[in-house]
Amino acid sequence: MNKIITLGEVMLRLSPADNRRFAQANSFQIEFGGSEANVGAALAYWGEHVSHVTAFPDDELGKRAVSELRKSGMDTSLISFLPGRLGLYFLENGSLQRSSKIIYDRFGSSFSKYDGSEKDWEKELEGVSWVHWSGISPAISQEAADLTYRILKIARNKNIEVSGDINYRSNLWQYGKMAHEVMPNLIELSSVLIAGTRDFNQCLNKNFNDFNEAKAYAFEKYPQLKFIAKTNRKTHSASHNSLDAELHSKVQVWNSKNYEVKPILDRVGTGDAFAAGLIFGLRKNDPKWAIEFGMAAGVLKHAVHGDLLLSSIEEVQEVADGTSGKIKR
């Protein structure tokens with residue numbers, strides 16, 4: 001019972017080099033990533049057995065995406081190939097007072113058409129101890145929402161731990177459903193949530209005044225919830241942020257240190273690195289260490305280009321201990 005499953009869309013990322021603007025770009029650097037796969041890749045790098053559930057087109061781009069997941073150490077046996085296309089997103093990295101910009105081009109992707117109904121998930125979840133999802137998948141399409149619910153329902157029946165990064169994104173809910181029509185059923189199947197006040201308000205159709213009010217409601221409404229985590233980010237500029245995190249149970253709160261992050265090389269995937277570190281720590285049954293390790297992982301990702309963290313446990317721990325940044329000889 002040591003396997004982890006992550007599920008969600010993987011896209012091709014295209015970025016102008018050297019912090020150039022889209023208007024200056026003559027070529028693009030490519031990366032592959034997606035929120036849940038980013039989490040899985042970090043966990044796999046730390047030695048966990050991670051299988052990722054997604055769908056790709058059966059073409060060269062789809063095969064390249066599978067290859068990238070394998071290179072990250074992930075098990076790709078649960079990947080399906082369907083008609084459609086690979087989702088894209090374009091990233092213009094910001095600097096100083098200029099904000100980063102993202103343009104999505106993911107409509108009609110293979111993943112958006114995949115509901116997972118052809119697989120025996122009772123069998124596929126044998127030996128699995130953790131499942132991770134995010135609010136991005138159920139926002140993409142009814143099929144993706146059905147896939148997420150299908151896997152989470154069986155996981156819950158098998159007493160598998162389920163973590164969800166609610167990650168509400170208003171621009172994604174375009175297929176006729178509102179977040180509050182879909183997300184409560186998924187939250188009900190989860191034991192760990194990453195969410196802020198706005199996420200809870202949008203996904204539960206509430207108007208909480210602050211996080212304490214939101215978390216009190218969530219713990220009361222969903223008794224299976226063990227932990228709710230949130231990060232706090234103060235943006236001084238695109239190149240300088242201050243970060244800390246909190247982990248809440250129904251009766252206790254654990255806080256990370258506050259970190260000054262500057263200069264930022266790449267902010268994409270930092271929340272996913274945090275989620276991976278949090279999961280890694282909670283699997284060791286140490287909430288205090290989990291929130292510090294998770295925040296340190298998120299901080300370290302700001303210094304790594306691309307969507308993926310790809311840093312060792314020791315490197316993350318050095319950030320948590322305040323001993324990072326030295327030359328290693």
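Let's start with helix H9. Of its 13 residues, 12 are buried, so H9 is largely enclosed by the rest of the structure. Keep in mind that this is a predicted model.

Which residues of H9 are buried? They are Thr 270, Asp 272, Ala 273, Phe 274, Ala 275, Ala 276, Gly 277, Leu 278, Ile 279, Phe 280, Gly 281 and Leu 282. The helix runs from residue 270 to 282. At 1.5 Å a residue, its 13 residues should span 18 Å, and the end C-alpha atoms are 18 Å apart, which agrees.

Who does Leu 278 contact, leaving aside neighbours within four places in sequence? The list is Val 192, Ile 194, Ala 229, Leu 247, Ala 290, Ile 291 and Gly 294. As background, nonpolar side chains tend to be buried together in soluble globular proteins.

A cis peptide bond joins Lys 262 to Pro 263, with omega at about -10°.

Now the strands. Strand S4 covers residues 50–53. Both of its faces are covered. Val 50 and His 52 lie on one side, Ser 51 and Val 53 on the other, and all are buried. S4 pairs with strand S1 (residues 3–7) in the parallel sense, over 4 bridges. Within that pairing, Thr 6 has His 52 as its bridge partner.

Is it buried or exposed? Ser 51 is buried, at a relative accessible area of 6%. Its side chain makes a polar contact with the side chain of Asp 75, at 3.1 Å. Not counting residues up to four places away in sequence, Ser 51 touches Ile 4, Ile 5, Thr 6, Asp 75 and Leu 78.

Next, an open sheet. It has 4 strands, in the order S3-S2-S7-S8, with mixed pairing. Strands S3 (29–33) and S8 (101–105) are at the edges with a single partner strand each, so one side of each is left without a neighbour in the sheet. From one strand to the next, the twist averages 25°. S2 (residues 11–15) and S7 (residues 88–92) pair in the parallel sense, over 3 bridges. There, Arg 13 has Tyr 89 in S7 as its bridge partner.

On to helix H6, residues 179–187, where we find Leu 186. Leu 186 counts as buried, at 1% relative accessibility. Its contacts, leaving aside neighbours within four places in sequence, are Trp 133, Pro 138, Thr 148, Tyr 149 and Leu 152.

Most residues other than glycine have a negative phi. Asn 205 has a positive one, near 55°. Asn 205 lies in the loop between helix H7 (197–204) and helix H8 (211–221), and is exposed, with a relative accessible area of 54%. Leu 310 also has a positive phi, near 50°. Leu 310 lies in the loop between helix H10 (287–301) and helix H11 (313–321). Leu 310 is partly exposed, at 40% relative accessible area.

Definitions and conventions
Residues numbered from 1 in each chain as written. Predicted model: local features only at pLDDT ≥ 70, side-chain atom pairs only at ≥ 80, totals over all residues. Heavy atoms only, no water. Pairing = 2+ DSSP bridges. Helix = DSSP H or I, 4+ residues; strand = E, 2+ residues; numbered from the N terminus. Axes fitted to C-alpha atoms, helices over the stretch in contact; angles between N-to-C directions. Buried < 20%, exposed > 50% of the residue type's maximum accessible area, 1.4 Å probe, protein only. Contact = heavy atoms within 4.5 Å. Polar contact = N/O pair within 3.5 Å; in protein donor to acceptor, adjacent residues only side chain to side chain. Expected span 1.5 Å × (residues − 1).
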